[in-house]
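Reader: I have just opened this entry and would like to learn how to read it. Could you walk me through it, step by step?

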Amino acid sequence: MTSLDTRTPLAAKTIANYGRPLWRRWLLSRESAVIVAVILVWVVASGVVPYFGTTTTLGFLLLDATPILMIALPMTFVIITGEIDLSVASTLGLSSVMLGVLTKGGVPIELAMIVCLVVGLLAGAVNGFLVTVVGLPSLAVTIGTLALFRGIAVGLLGTTAITTFPPFWQNLAQARFGLTGIPVVMVLVVVLIVIFALVLHFTPFGRGLFALGLSKDTAAFSGVKVNRAKFIAFLLTGLIAALAGIYWTLRYGSARGDNATGLELSVIAAVLLLGGVSIFGGKGAMHGVVAGVLLLGVLQSALRLANVSSDAINIIIGALLIVSVLSPRILAWARRLRPSVARQRK
Amino acid sequence: MLFQTSSKRSVTRALSLTAAAITLALVATGCAASTGGSSTSGPSGAKNYKIAFLPKQLGNAYFDTSDKGGAAAIKEFNGTYSEVGPATAAANAQVSYINTLTQQQVGAIVLSANDPTALGSALTQARAAGVKIVTYDADTDAKYRDIFVNQATAEGIAKIEVDLITKEIGDKGDIAILSATANAANQNAWIELMKKDLAANHPNVKLVDVVYGNDDDQTSFDKTAALLQTYPNLKGIISPTTVGVAAAARYLSTSSFKGKVALTGLGTPNQMRDYVNNGTVTAFALWNPADLGYLASYAAKALIDGTITGKEGDSFKAGKLGTFKVGANGTVLLGAPYTFDKSNIAKFNF
């Protein structure tokens, strides 16, 4: 069986898929599968896991998912262009430390927040510059800045923590809407989701990101400003990571150099594996990413409430991630074995 | 047409596969949880003796030992013990576990805090829901918990170190200290207290130098070598840090000074076992983590019973350890540090 043989039906299938009405393509997409999975896990967990089906659970779950959800949005942009940004958790930590150091030094917190966002933009600009202007691979660049930004963050504060922030902002970071359990911060998150989804799917810039991820040269010939688009994507991850850093600091009331260490892996797992965005670029959708993050959050929350140990939770989630990557391939393989398909290919 | 149906089927199949897998996982764990849950309404009656240990991280031998001690105590009063915690020592991960335990309506959480304040709001919510909070090993700000079970005081640590070394060198001669970093607050406080104790009670023992191994194994090893060369009359070394004392013991055990220069400090049995057994080190000190967990469990029980509230002067019984009094700031002291030597080291694994 040559590689050409295996690819032909897939290509034909893609065309066939686009020949169908929008609502049917929408319904049968991978993204819908993830959304259904979120609902299914929620319903099952509410039934079998004690204390899961409560507004308190919903509130904690959303609070925990917020930083991942925020960063996943610009990360989707970056990954769709075929690049990756591993430095986001370090940028988050750096922003957190900056907020602590500045407010401790007497800077009003509103001003300190703006400085943090500027620091985030700068961090994104460093990544963007090295990837687009210097032309280095983003994987190498952002592994470097992962260490660099974290190093600066830890260097600024050492092992100490800054823990005094205005109570108004701290309360806002974890306030809920009455008895619904829904955190107030979700307003900001929903606004961000809407903006990022609109930009990605309904603007020339966003469509350009897809084109760029599929083929850089074709995109360039079609009038996409390749380097500018990538640079903007990295600026956005830096900016939103810094925003998540502000939220993180206020929610936990603690600015530490090691805040959110390792969070980049949760973000990337949610975007790539569950969210259905392709690591090779050019493929993905915002509703899939949001559903991917929520699926991760719902699963973790349900398993924790079911008294599953943290090691077992990691094993279950890791296995599910692998299954989610493998399942399309296994299904494609199974399809090729079916007699009807084999006959068709003759 | 063919592609359409096959792709439709495959998506349906993908969906049902994922759904089945997830449902299976959840039902399996859910069943396990509910059987675990049914035993909680066991023989303890009206009081909610569901006590959960939340260490800094799981899979750490120190916390394995302390939490086993806690479990033993809980068994004595027919409560339900559980241990949850993150795989890495991160403060925000503990927040999720505190929230989860609050929802599960445990009677008390026994916590070693990864951050003194980051857990604050989660703990405040837990207490508002009636959960008692006992910290052990590492405290939070006093306003977030009911009681802190303190493993040792600075005075206690300084005293046992001086007592051990002076006894071993015959209360006469030169000694030196191998500390952690020059600005380590804990170690500096202990060293000041040791100096006072030496001046007041051991006039023939002279502290000739304090050197810093930066809690780095190789640096501590090198500093030990330098100390022994600089001070040929050195009789003893105190290293009040687990890294330092193990590195110094490694140096001594392979040098001609073995058995001639005494070494003591704060160490863990697993790191020091070989050196105690081969005679390099006679005795060293630390607290007994099993007793720490045991005491924390009884403190949680007393809080659940309502016999104490955590205010100064409260007292409660803690099984085989006897009666304890709550001190200032809601702190209960485990007692004098525990001395490990050849006779007892085999009993410990942490």
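**Helices that cross**

Author: Helices (H or I, at least four residues) and strands (E, at least two) are DSSP runs, numbered from the N terminus. This is a predicted model, in which local features need pLDDT of at least 70 and side-chain atom pairs count only at pLDDT 80 or more, while totals for chains, interfaces and linings use all residues. Residues are numbered from 1 along each chain as its sequence is written, and chains are lettered from A and ligands numbered from 1 in the order in which they are written.

Reader: At what angle do H5 and H12 of chain A pack?

Author: Axes are lines fitted to C-alpha atoms, for helices over the stretch in contact, and angles run from 0 to 180 degrees between N-to-C directions. Helix H5 (residues 88-104) and helix H12 (residues 226-252) of chain A have axes 7 Å apart and an angle of about 50 degrees. H5(A) and H12(A) are therefore oblique to each other. On this scale, angles under 35 degrees count as roughly parallel, over 145 as roughly antiparallel, 65 to 115 as roughly perpendicular and the rest as oblique.

Reader: Which residues make the contact between H5(A) and H12(A)?

Author: Two residues are in contact if their C-beta atoms, placed from the backbone, lie within 7 Å. H5(A) contributes residues including Gly93(A), Ser96(A) and Gly100(A), and among those from H12(A) are Gly238(A), Ala241(A) and Gly245(A). By class, this contact of H5(A) with H12(A) holds eight nonpolar, nine polar and no charged residues. Here Ala, Val, Leu, Ile, Met, Phe, Trp, Tyr, Cys and Pro count as nonpolar, Asp, Glu, Lys and Arg as charged, and the others, Gly among them, as polar.

Reader: How do the axes of H13(A) and H15(A) cross?

Author: For helix H13 (residues 263-274) and helix H15 (residues 310-337) of chain A, the axes come within 9 Å and cross at roughly 30 degrees. That makes H13(A) roughly parallel to H15(A). Ala269(A), Leu273(A) and Leu274(A) of H13(A) meet Leu321(A), Ser324(A) and Val325(A) of H15(A). The residues of this contact between H13(A) and H15(A) are five nonpolar, one polar and no charged.

**Sheets in chain B**

Reader: What is the strand order in the six-stranded sheet of chain B?

Author: Two strands pair if DSSP finds at least two bridges between them. In this open sheet of chain B the order is E2-E1-E3-E4-E5-E13, with parallel pairing. Strand E2 (80-83) and strand E13 (331-333) of chain B each have a single partner strand, so one side of each is left without a neighbour in the sheet. From one strand to the next, the twist averages 20 degrees. Three bridges link strand E5 (residues 147-150) of chain B with E13(B) in the parallel sense, and Phe148(B) has Thr331(B) as its bridge partner in E13(B).

Reader: Which helix of chain B touches E1, E3, E4, E5 and E13?

Author: Helix H10 (residues 289-305) of chain B packs on the sheet there, its direction making about 160 degrees with that of E4(B). Helix H3 (residues 91-103) of chain B lies across E1 and E3 of chain B, at about 175 degrees to E1(B).

Reader: What is the order of the four-stranded sheet?

Author: That open sheet in chain B runs E7-E6-E8-E9, with parallel pairing. Its edge strands, E7 (205-212) and E9 (262-265) of chain B, each pair on one side only. Strand E8 (residues 234-239) of chain B is joined to E9(B) by four bridges, and Gly236(B) stands opposite Ala262(B) in E9(B).

**Confidence**

Reader: How does chain A score in pLDDT?

Author: pLDDT is the predictor's confidence in each residue, from 0 to 100. Chain A averages 88, with 90% of the residues scoring at least 70. Over residues 1-8 of chain A the pLDDT is below 50, and that stretch has two contacts in the model beyond near neighbours in sequence. Chain B averages 87, with 87% of the residues at 70 or above. The model as a whole scores ipTM 0.76 and pTM 0.78.
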